[in-house]
Amino acid sequence: MTALKRLLADRAASIGAALILGLILVAIFAPVLAPYPGDVTAFHLTERLQPPSADHLFGTDRMGSDVFSRILFGARITITIAVIAVGVSVGIGVPIGLIAGYYGGFPGGFLMRTSDIFLAVPQIVLAIAIAQTLGPSVENVILALSLTYWPFWARLVYAETRSLKAQTFVEAALALGASDLRVMVLHILPNTASAIIVRTSIGMGATILTAAALGFLGLGAPPPTPEWGRTISEAREFLPEAWWYAAAPGLAIFLVVMGFNLLGDGLRDILDPKLRKGSR
Amino acid sequence: MKHTVLALCSALALMTPTLGAAKDRYVHANNSAYDTLDPHTVRDVARVASRLNFYDGLYRWVDNPPQLIPWLATEHSVSEDGLTWTFTLRDDVTFHDGTKMTAEDVVYSFERMLELKRGAGSLFLPMIDPGQTVAVDDTTVAFTLKEPSAIFAALVPDILVVNSTLVKENEVDGDMGQAYMIDHVAGSGSYMLQRYDPARGFIGERFADHFAGWGEKYFDEIEFRTVLETNTRIQGLMRGDYQGLDGYLAPDQVERLRADEDVQIIEEESMRVFHIAMHNGRAPLDDKNFRMAMVHAFDYDGYINEIMQGTVARNPTIMPGNLWGAPDVPGYDYDLAKAKEYLDAYKAEHGDEVRTIKIGTLAGFSETEQAAALMQNGLSQLGITVEIESSPWPVISSAMQNPDTMPDMVPYWKSTYYVDPNNWVGELYASRYAPTRNVSSYHNDAVDEKLEKALVITDQDARAELYSDATTQIYEDAAGIWIYNTKWFGPYASSVKNVRFCPVGNGQDMRWAYLEE
Amino acid sequence: MRRLEIILSRLVWFIPTLFGLVFVVFFISNVIPTDPARIIAGENATEAQVQALRAEMGLDQPLYVQFGRYVADLATGDLGKSLYTQRAISEDLLHRLPATLELTMAAMVVAIGLGVPLGVISAVKRNSMIDQTLRVLSVSGLAVASFWLAMELQMYFSTKLGWTPLNGRIAGWGPEEITGFYLLDSLLTGDWASFWDTLHHMLLPAITLALPAAATLVRFTRAGVLEVINSNFVLYERAMGFPTTLITWKYVLRNALISTVTQIGLIFGSLFAGAVVVEAVFDWPGLGTYAVQSILQSDTKAILGFSIIVGVVFIGVNLLVDIIHTFIDPRTLK
């Protein structure tokens, strides 16, 4: 509970948490909140490219659909991509880092070298290569992001595990006859948790940005999916006249990524006293 | 800070025009890259400018409606059996390096096209074998076909002649100069290559000694530059960075450009039919009732009047309405009640289950995406679910060429490659072109018989009737959803005059245009 | 000699990492069988023509044979030919590399020029209004989608105000090419018009690209400087009565720079990656635009080559940073 209290005491972190909470609520209640929930697939061709008004908060798009409603539904896609992609990356990266760090030697070296290969190229470049081959769809974006993001966690957990393994409490547990698996899961993993949590929060933000970039490049979900990155690229033809069309999804991305970054910073301050001393 | 930036900008603005003040220049912003200059390996509209301005063909397409005029060749005759085509060449044609053009150059060029198998070469391969082209004398060349062909003449402008001496000098390991021709020009065309950068485009300098001569006014220099982003091209034209753009613009863009007084929009009838190809060979689309339901489920008026803002004309069949041989039939209308009737008839026969229909769209071509979304919208009201999958053109085009991977529907354009009904109705619905160009798996013996016959006879009236009948039959079979025939909106700076538009070259044949303030 | 050892051990890993990269990207790009032969042959080709072309291109061979050939070609610097143009991919990439590097470096200069001083100010005046504002700005800088920012800046400064060029690297055809870096080439040839025009064109893309990197630098510099300020020797000097400004700039900055250099490898990577989308918006004729074009044309081999060259540059830069690091921070040698 104290961690939560301290989180709420930090203004930046609580703003971050509020933004993320907002995103989740919007994603869940999109059909209720959206003024025109049908506008994800329905068109009103006579009302194309209307500027923002009381009827259409963020104006209308090239098919005459309500931009605001589509942004709300877009939150669902964004959150799905981020949660699954980061979840899978954590699911692959953490065990690999743990095993490699714990056993070291050849298998550890091999696993880490493999992750180095992925880290040798900026993530988006590999993600582009994968998403391009598999064809544009939400599933493939998730796959591309997961396949390229796990090494970050593997690296992180590997380093933590290496330093933890040398500590006395691990040696003590081993001396008492605990199995390797038990030591890894019950003694080492909990001690890496704070680093993982901080990294995950920031990673969510980064993943949302990369996913949006893939959408922008035409590698994301096909139309008429209201994915934010895609909407921005759709809007481009209509600039500068239809400024609202691109501004709205851009701001949505900004707010959400900002939320995850602020929360990540706050969590780091709270969970990682080492860094806290340095940054305050 | 603001002042420095402004001062800097105006200083730069003053500097730029001095670079080309003495010469009349035309700068064209193109929507795709000029990544090769070889006239024989590509044959697409996107890269037509380098072929039209650097090279000459035996004949040339000009004006609208398109006319075939003599060019490198002055005339031709066809043998009694329809197999041997003999062309008489001009004797006053020189290539850019001063070499005289002879029949040998034509033979080399044609054999090169057949050998490379790409671009227009693949179009000629089914008609004529390598080695069947001979130089009778310096100014006479003869082609011997495998079977009589009514469309060979329409393809003659695609025989672009290269300077065989120059190309042969630059052959490496028998590559027929492929490595060389990518970034060099060995032609006789109206402009000579001055600079080329695949990442940027090319500059051509007027070839004063061109055999066709020049008018009183002309552009001394033409530059074709790659600018991938539509919006940037438009803004650039309005700012005066460019003098012309490619002409197939979305209506919203046309409206914006019309509002600018420094820009003129040249409007021309064109021949580029937008349609939704349907897979006639796969259930449930193999059933005529089902297809009838489909053709009545598309909101033609909404698409044409709202999305295209009335800038295009409804086209009831696959044949462009402004071409000979197009039948006079009313287009199918958007009528969900009628669609429902046909669907019920289908269901009575095949049961109530209708699977999800898959529509493939061309990534980056928003008109295809919007058409698919509109179709999805219509079908959802009939209780049919639609899945849209967007892929880049190369991917979808290779998927379309295999009946197993062809999506149920694909909205796309059929452009003008040569002006003959066969370009549209023949290639898209005759069995002989399945599955590569007849992607619909449409097979109808009566139609095939007419289309085949029209390929070998030469009397145009008889051919027109055959095409009209075949097209009507295909229309009655509801083999596809035919939507509109494009208009061409050529955006140019107001100072550019005498752009001679032809649907084949899209108005990018620059030898006639000039600048007048 | 420890330095040499470090450098050698890094070099030893260069080849296997690169090989691994090629392996991974090659197999990824062959997961889905698009048919390059059919694409090249064009839609007019018959099945037999396509078959012949397939054999000619070696596409009828099993994947591992194709991989072997690819690696063998790669060893000679041959990345194969583009599906579309039959142009050598390595040539295309090398031709465009200077454009991207020039942009990346310009962005790096902007990022360092903005990030480091602001980070120092933020640390020195910690918890002041300036510090708070800078913190908000730096968090924001990291949250903006760069392609969106690029579009918005282009719309405002180029389209509406007309202050900056819309797109491209230079208005004409650039200075006489020596290195392919326009700024350098125009200086070498004394072509001032090209020099200014290049800078003018570079302004918006470089700033867009630099912002997230600058934000990162503000944060790191701030943390680094704070650590130094709180350390014993600074407290000691302050106690000895040295003026605060002198201490800040002389000691603090030098130490902060060390941590900045460490970041440069990372920042270079993020800039290089960011360039892919930013280039696409500004039609910058570099690797990013090439990659986007290749995506649109499904030119798998070109994308493969692009990933590899980015990998090589990226690994190379990190190697270089490691080496520089051994010079400016002797602690690494221990």
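**Note on the interfaces of a predicted three-chain model**

1. Chain A against chain B. In this predicted model, 20 residues of chain A are in contact with 25 residues of chain B. The two chains bury about 1900 Å² between them. Carbon and sulfur atoms give 53% of that area. On the chain A side, L45(A), R236(A) and E237(A) supply 29% of the area buried against chain B, more than any other three residues.

2. The rule finds four salt bridges across the interface of chain A and chain B. E369(B) forms a salt bridge with R62(A). Their closest N and O atoms are 3.2 Å apart. Chain A and chain B also have 10 residue pairs in polar contact, with both residues at pLDDT 80 or more. By class, the side of chain A that touches chain B has 12 nonpolar residues, two polar and six charged.

3. Chain C against chain A. Here the contact takes 47 residues from chain C and 44 from chain A. About 3900 Å² is buried between chain C and chain A. Carbon and sulfur atoms account for 76% of it. F147(C), W148(C) and M151(C) supply 15% of the area that chain C buries against chain A, more than any other three residues.

4. How many salt bridges does the rule find across the interface of chain C and chain A? It finds one. D265(A) forms a salt bridge with R219(C), and the closest N and O atoms are 2.8 Å apart. The count of residue pairs in polar contact between chain C and chain A is four, with both residues at pLDDT 80 or more.

5. Which elements of chain C each supply at least two residues of the side that touches chain A? They are α1, α6 (129-143), α7 (146-160), α9 (192-229), α11 (244-282), α12 (287-296) and α13 (300-328). The residues on this side of chain C divide into 30 nonpolar, 12 polar and five charged.

6. Domains of chain C. Chain C is divided into domain 1 (2-75) and domain 2 (93-333). In chain C, 16 residues of domain 1 are in contact with 17 residues of domain 2. The area buried between these domains of chain C is about 1600 Å². Carbon and sulfur atoms give 78% of it. R3(C), F14(C) and Y70(C) supply 34% of the area that domain 1 of chain C buries against domain 2, more than any other three residues.

7. Between domain 1 and domain 2 of chain C, the count of salt bridges is zero. Helix α1 (residues 2-28) of chain C gives 13 residues, the largest share of the side of domain 1 that touches domain 2. By class, that side of domain 1 of chain C has 10 nonpolar, three polar and three charged residues.

8. A local feature in chain B. Strand β6 (residues 133-137) and strand β7 (residues 140-144) of chain B run antiparallel. Four bridges join these strands of chain B. A hairpin joins β6(B) to β7(B) through two residues. D137(B) stands opposite T140(B) in β7(B).

Notes
Residues numbered from 1 in each chain as written. Chains lettered and ligands numbered in written order. Predicted model: local features only at pLDDT ≥ 70, side-chain atom pairs only at ≥ 80, totals over all residues. Heavy atoms only, no water. Domains from an automatic or database assignment. Contact = heavy atoms within 4.5 Å. Buried area = accessible area lost by both parts, 1.4 Å probe. Salt bridge = Lys/Arg side-chain N within 4 Å of Asp/Glu carboxyl O. Nonpolar A, V, L, I, M, F, W, Y, C, P; charged D, E, K, R; others polar. Polar contact = N/O pair within 3.5 Å; in protein donor to acceptor, adjacent residues only side chain to side chain. Pairing = 2+ DSSP bridges.
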